[in-house]
Amino acid sequence: MSYILILIGCIVAVYAQAEANQNTGVLVLGIVVLMYGLYRVYSTIPNKKEEEKDEF
């Protein structure tokens, strides 16, 4: 689901930039969706420092 949000955010942001008169609202919406998707992906990746603490 997160990868789909990232893809949708990228497409919307590029579409908003491609128009002759840029629609700022659509661009901001695309960036927000993109960042939310990235946040969800990065939240599932474990922290390297926490793994090192568990080893000792």
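Biologist: Where does Ser 2 lie?
Modeller: Keep in mind that this is a predicted model. The chain's pattern along the sequence reads α-α-α, and helix 1 covers residues 2–18. Ser 2 lies in helix 1.

Biologist: Is Ser 2 buried or exposed?
Modeller: Buried means under 20% relative accessible area. Ser 2 has 11% relative accessibility, so Ser 2 counts as buried.

Biologist: Which residues is Ser 2 in contact with, leaving aside its neighbours within four places in sequence?
Modeller: Helix 2 runs over residues 24–44. Ser 2 is part of the contact between helix 1 and helix 2. With those sequence neighbours left aside, Ser 2 is in contact with Gly 37, Arg 40 and Val 41.

Biologist: How do helix 1 and helix 2 run, roughly parallel or roughly antiparallel?
Modeller: Their axes come within 7 Å and cross at roughly 155°. Angles over 145 degrees count as roughly antiparallel. That makes helix 1, relative to helix 2, roughly antiparallel.

Biologist: How many nonpolar residues does the contact of helix 1 with helix 2 have?
Modeller: On helix 1, the contact includes Leu 5, Ile 6 and Ile 8. On helix 2, Val 26, Leu 27 and Val 33 are among the residues taking part. Sorted by class, the contact has five polar residues, one charged residue and, to finish, 15 nonpolar ones.

Biologist: And what share of the accessible surface of the protein chain belongs to carbon and sulfur atoms?
Modeller: Let's step back to the whole chain. Of its 56 residues, 20% are buried. The accessible surface comes to about 4,800 Å², and the share belonging to carbon and sulfur atoms is 65%.

Note on methods
Residues numbered from 1 in each chain as written. Predicted model: local features only at pLDDT ≥ 70, side-chain atom pairs only at ≥ 80, totals over all residues. Heavy atoms only, no water. Axes fitted to C-alpha atoms, helices over the stretch in contact; angles between N-to-C directions. Helix = DSSP H or I, 4+ residues; strand = E, 2+ residues; numbered from the N terminus. Parallel < 35°, antiparallel > 145°, perpendicular 65-115°, else oblique. Contact = heavy atoms within 4.5 Å. Nonpolar A, V, L, I, M, F, W, Y, C, P; charged D, E, K, R; others polar. Buried < 20%, exposed > 50% of the residue type's maximum accessible area, 1.4 Å probe, protein only. Areas by Shrake-Rupley, 256 points an atom, 1.4 Å probe, with all protein chains shown as cover.
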